[in-house]
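Here are some friendly notes to read alongside the structure. Take your time, and look for each part in the 3D view as you go.

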Amino acid sequence: MISIRPFNESDKQKMLGIERLCPQGGQKCALGVDKKDIIARYKMYDNWKVLVAEEKGKIAGWIGFTVKPIPERNKKYAYVTEVMVHPDFRRTGVATKLLKELEEKALEMGSSYVYSYIYEPNSASKSLFGKLGYSRVRDISTPVIATYKKSDISPEYSIVPVDKENTGSAVDLINEYNSGFMHFMPFTAQTFEARLKAVPWYGSENFWIVRDRDNKIVACAGLWDSSRLANMYYAREPAAMKLTRSVSGVLSHIIKVPKITAEGERLKFLYIADHAFDKRQPEAMLSLLKHLSNLSIDMKRDYLMTATDPEDALLSVMKKLKPQIEIWSIFAKSFEGDLPIFRPFYNDIKDMIP
Ligand SMILES: CC(C)(COP(=O)(O)OP(=O)(O)OC[C@H]1O[C@@H](n2cnc3c(N)ncnc32)[C@H](O)[C@@H]1OP(=O)(O)O)[C@@H](O)C(=O)NCCC(=O)NCCS
């Protein structure tokens, strides 16, 4: 008989072992996640809960979530961070039980609705959420740029790390850029500085601003080393990628080619966070992306990635750098009335740890 209880510190090592057995995806493509501390991602949130399913003292699975406020609508919503079930316990209703328990708790905590991201090839997870009444409300793009060849940056722009004096102007740009995006909460200079400090392996030294010839801040973005919290790898690599790798292996003897990570090998990437730009100056954002790509090469990373709504103007700028784009779908369920419109959707970087 499966019982559900709150997580405790002594579960951590067993959960890490189970997560290694739980790649997210299907037979043809699945992403594995490798963490040093299973709970580190949760510590970025104001509140969080992890519920553990257990049978005869053995952990069968767990689910995690946080509840966030929408102050202007006086509402709250729950974000499901993950649900994992040990392969020995699958298809016996463990995930269903965990999700139902989570929904009860999220309701008690005042949430109006609940949602989660699901990796496109993860058909098991899509049918689990579908069966429990969740609908697919939005598809989010995760563009990944290979960083292998240094780029020249246009002399039109100066790119420097943010400092105290210009945090306010960068925040104005971020707030304007994201205005109207669902779940975006405008920053003040103070709350943005606090975020830069609070998100581990981020910090103001990794947040860059771009000035144009009139000395106006026209673009900004941060580099977040999220791999310190979770490393990803292809547990099952798509066949097309295997083929490209063998071709690029041959070419690499002649020219510089992007690295295509092998199955099981850790994807060495940096995350582009808190981007914003003046949409009349996409070249400024492109220059910043090239700058971040150059930094990634200096830091011996192979990729730069982010997560964006398809309507986010960043996507068309990134496309100039020929990214590989994967899709994560948002599945949501309402506890009262209709679901709100998840379009365009603001991706909080903290939620992007798989
Ligand atoms: C997805 C996952 C959590 C499902 O856990 P589970 O305990 O086996 O799920 P349940 O037994 O509650 O299944 C409920 C329903 O989900 C669907 N489902 C679950 N696994 C499925 C699979 N492999 N293929 C198709 N549908 C599946 C079915 O509709 C199932 O109902 P049924 O068994 O009556 O047909 C589990 O496979 C897992 O841990 N996967 C790896 C990690 C992951 O992808 N997590 C989700 C992303 S965070």
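The points below go from the whole chain to its sheet, its helices and the surroundings of the ligand.

1. Start with the whole chain, and keep in mind that this is a predicted model.

2. Twelve strands form an open sheet with mixed pairing, in the order β1-β4-β5-β6-β7-β15-β8-β14-β13-β11-β10-β9. Which strands are at the edges? They are β1 (3-6) and β9 (158-161), each of which pairs on one side only. From one strand to the next, the twist averages 30°.

3. Now zoom in on one pair of neighbours. How do β4 and β5 run, parallel or antiparallel? Strand β4 (residues 49-55) and strand β5 (residues 58-70) are antiparallel, and seven bridges join them. A handy place to look is K49, which stands opposite F65 in β5.

4. Stay with β5 for a moment and find helix α1, residues 12-20. This helix lies across β5 and β6, and runs at about 95° to β5.

5. Helix packing comes next. Two packed helices are described by the angle between their axes and the distance between the axes. For helix α4 (residues 164-178) and helix α5 (residues 189-198), the angle is about 95° and the axes are 9 Å apart. Angles of 65 to 115 degrees count as roughly perpendicular, and α4 and α5 are therefore roughly perpendicular to each other. Where do they touch? T167, G168 and V171 in α4 meet A189, F192 and E193 in α5. The residues of this contact divide into three nonpolar, two polar and one charged.

6. Finally, visit the ligand. How many residues are around the ligand? There are 20, and R90, A95, T96, A124 and L128 come nearest. The elements that give two or more residues to this shell are β6 (75-85), α2 (94-108) and α3 (123-131). The most come from α3, which gives six residues. Sorted by class, the shell has eight nonpolar, eight polar and four charged residues.

Definitions and conventions. Residues are numbered from 1 along each chain as its sequence is written. This is a predicted model: local features need pLDDT of at least 70, side-chain atom pairs count only at pLDDT 80 or more; totals for chains, interfaces and linings use all residues. A residue is near a molecule or strand if its C-beta atom, placed from the backbone, lies within 6 Å of it. Helices (H or I, at least four residues) and strands (E, at least two) are DSSP runs, numbered from the N terminus. Ala, Val, Leu, Ile, Met, Phe, Trp, Tyr, Cys and Pro count as nonpolar, Asp, Glu, Lys and Arg as charged, and the others, Gly among them, as polar. Axes are lines fitted to C-alpha atoms, for helices over the stretch in contact, and angles run from 0 to 180 degrees between N-to-C directions. Angles under 35 degrees count as roughly parallel, over 145 as roughly antiparallel, 65 to 115 as roughly perpendicular and the rest as oblique. Two residues are in contact if their C-beta atoms, placed from the backbone, lie within 7 Å. Two strands pair if DSSP finds at least two bridges between them.
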